[in-house]
Amino acid sequence: MAQPEFGLRRWHQQIQDYQQRLMSLQPEAVMAVEGRLTRMVGMTLEAVGFQAPIGSRCEIQARGQPPVEAEVVGFHDDVLYLMPTGDIRGLVPNAKVRPIQNDSLIPVGEALLGRVVDGAGKPLDGKGAIKVKDRVPLHGQPVNPLSRAPVRQHLDVGVRAINALLSVGRGQRMGLFAGSGVGKSVLLGMMTRFTEADVIVVGLIGERGREVKEFIEDILGEQGLKRAVVVASPADHSPLMRLHGAMLATSIAEYFRDQGKQVLLLMDSLTRYAQAQREIALAIGEPPATKGYPPSVFSLLPQLVERAGNAGEGQGGITAIYTVLVEGDDQQDPVADSARAILDGHIVLSRQLAESGVYPAIDVEASISRVMPQVTSREQLQQAQLFKQIYATYRQNQDLINIGAYSAGSDPQIDHAIEMYPKLRKLLKQDMHQAHDWQASLSTLQQTLQTNTAGGQTGSIGQPVTARK
């Protein structure tokens, strides 16, 4: 009788052990959720059989093929719309789709300095794995606008025309508006090498693959790369990866800002980011609104841009410069117009100046820095305004001057502008390998805006021209 009783007790004990193990498991581990792929149109995948929240990751497994990762970007009734992050070749109808654990956290740390990664944070430079411990959310954390420190200090970017005439403040968001082939990438490289910021984060979003390597090797250089992190998501990457590349670059900049450092975030370009969102939105059926751009594009732009800026008082900050590609040099492009409204200023590059050999081809008439009065002295602000007045006088009458229709002596202001124009143009030009710090830029501006009178005394050209003898 003892043996059957002992066997029964052991059987009950095993049942209790199994129950405890079952209760300790997570619900998702107990029941595997799995769906199937039903439709594919362009880059949009449709799956049924399970539910997943927007922004979550899924894995698509076809027999004999490596798994394809995708993200949930929309749904309709019981159908989920997925956007792949990589190559989708080999997928077949009814392929298995299952959600995977994803907390949208990305690894960050000091080891990222000097490295080049893709939109998923994987290294592209062949230098091995990046060993970091900290993690931050890909979509960032909202910052209370009242907790931000105001923009009160200038940032030396090493470019004379910007330092003197379009001063950038620490924590400012600036736009660099240019058409193709006008020199925006070269200007970004100059600011990357010459800036006084502690860390530089460069986001190359939607650019040609050739330009990525040329920017790193020729424009950024070995010295510039040492304190920089480059996030490259070229044009041949999926639109979702291009979006993630821009958000990843911003998240890395936020991490170093929270470490108390001054970060310069350079993103090329904001237009490619908008175009990636347009591709996704149109693919899942969102109607176009303005020149083919759906409304979600114009809601995502400020969400990305507002993540830059200063942290609290005495903490770090992100000074961001976003390039905006104006199609056909049209400054009224929807993305350009929207960017101007949410940025703290804009630098416009002129194709006409570039064709005439002025580099960087900054159009000082069309450019403005909205925080310049808060980060510069009153004297510098007056000198910059005077520079623009004289420069604008010449440019407005340039056609008459070039064809010989203007007679010297007809207008003293035009005469003075003709005399000063070579000096003004010299200040705007700068060799891409030569840095001009803040003090040198201000000294050059002051020297340019002075001329000798007939009596040999030096006077400011801010005086009325008619008073000169």
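A crossing of two helices is left-handed if the near helix is turned anticlockwise from the far one by less than a right angle, and right-handed if clockwise. The model shown is predicted: local features need pLDDT of at least 70, side-chain atom pairs count only at pLDDT 80 or more, and totals for chains, interfaces and linings use all residues. Residues are numbered from 1 along each chain as its sequence is written, and side-chain values use heavy atoms, with hydrogens and water left out.

**View A. Helix 6 crosses helix 7.** Helices (H or I, at least four residues) and strands (E, at least two) are DSSP runs, numbered from the N terminus. The axes of helix 6 (residues 239-258) and helix 7 (residues 270-283) come within 8 Å and cross at roughly 140°. Axes are lines fitted to C-alpha atoms, for helices over the stretch in contact, and angles run from 0 to 180 degrees between N-to-C directions. The crossing of helix 6 and helix 7 is left-handed.

**View B. Residues between helix 6 and helix 7.** Contact (heavy atoms within 4.5 Å) is made by Pro 239, Leu 240, Arg 242, Leu 243 and Ala 246 of helix 6 and by Tyr 273, Ala 276, Gln 277, Glu 279 and Ile 280 of helix 7.

**View D. Strand 4 beside strand 5.** Strand 4 (residues 68-76) and strand 5 (residues 79-84) run antiparallel and are joined by six bridges. Val 72 stands opposite Leu 82 in strand 5.

How values were computed:
Pairing = 2+ DSSP bridges.
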